[in-house]
Amino acid sequence: MPIREILQLGHPVLRQIAQPVPDPTAPAVTDLVTDLADTVGHWRATTGYGRAIAAPQIGELQRVILLRLPGRPVWAAYQPQHHRPQPRENDGVGCLPVLPLHFHASRALRVDYCALPRPARPVA
């Protein structure tokens with residue numbers, strides 16, 4: 001089970017632009033998705049935090065996100081892009097790269113995106 005280090009606030013990689021994924025079916029991308037699933041699963045199990053993770057958070061500058069929502073299958077999305085602003089609400093936010101900092105932020109009530117979804121393997 002490859003658990004990757006989560007880069008913390010201030011790490012220079014977190015300010016860099018992630019690159020598109022040319023082939024989401026490539027073995028290296030499959031391995032990255034496995035690492036994301038294992039890492040967010042570990043954080044959720046040990047801290048209670050972690051529903052989603054992006055590849056740059058583990059030092060990989062690729063446009064890959066992984067969602068692990070309660071009661072839903074774990075899945076990965078590639079090339080996510082926000083298309084239009086939505087109504088917003090203020091909500092409590094926590095983020096793995098800034099643990100244990102929690103703050104209130106304006107969050108979209110709904111997010112539209114384009115992605116190539118592909119199920120990740122189940123995470124215990």
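**Close-up views of a predicted model**

From the N terminus on, the elements run α-β-β-β-β-β-β-β-β. The model is predicted.

**View 1. Overview of the protein.** One helix and eight strands make up the elements. The protein has 124 residues, and 32% of them count as buried. Among contacts between residues at least 6 apart in sequence, 62% join residues at least 24 apart.

**View 2. The largest nonpolar core.** This core holds 16 residues. L36, I53, V64, L66 and Y78 have the most contacts inside it. Helix α1 (27-47) and strands β2 (64-67) and β3 (75-78) each supply at least two of its residues. The largest share comes from α1, with six residues.

**View 3. T39, a buried residue of helix α1.** T39 lies in α1. Its relative accessibility is 0%, below the 20% limit, so T39 counts as buried. A polar atom of the T39 side chain lies 2.9 Å from the backbone nitrogen of R4. Beyond residues up to four places away in sequence, T39 touches P2, I3, R4, I6, I53 and I58.

**View 4. Q57 in the loop between β1 and β2.** Q57 is placed in the loop that runs between β1 (52-54) and β2. Q57 counts as buried because its relative accessibility is 11%, under the 20% cut-off. The Q57 side chain reaches the backbone nitrogen of A54 at 2.7 Å.

**View 5. R44 and its contacts.** R44 also lies in helix α1. With a relative accessible area of 27%, R44 falls between the limits of 20% and 50% and is therefore partly exposed. A polar atom of its side chain lies 2.5 Å from the backbone oxygen of G48. Leaving aside neighbours within four places in sequence, R44 is in contact with Y49, G50, R51 and R68.

**View 6. The pair R44 and R68.** These residues are 24 apart in sequence. Their C-alpha atoms are 9.3 Å apart in space. R68 is one of the residues in contact with R44.

Definitions and conventions
Residues are numbered from 1 along each chain as its sequence is written. This is a predicted model: local features need pLDDT of at least 70, side-chain atom pairs count only at pLDDT 80 or more; totals for chains, interfaces and linings use all residues. Side-chain values use heavy atoms; hydrogens and water are left out. A nonpolar core is a set of buried Ala, Val, Leu, Ile, Met, Phe, Trp, Tyr and Cys residues joined through side-chain atoms within 4.5 Å. Buried means under 20% relative accessible area, exposed over 50%, partly exposed in between (1.4 Å probe, protein chains only). Helices (H or I, at least four residues) and strands (E, at least two) are DSSP runs, numbered from the N terminus. A polar contact is a pair of N or O atoms within 3.5 Å; within protein, one must be able to donate a hydrogen and the other to accept it, and residues adjacent in sequence count only if both atoms are side-chain atoms. Contact means heavy atoms within 4.5 Å.
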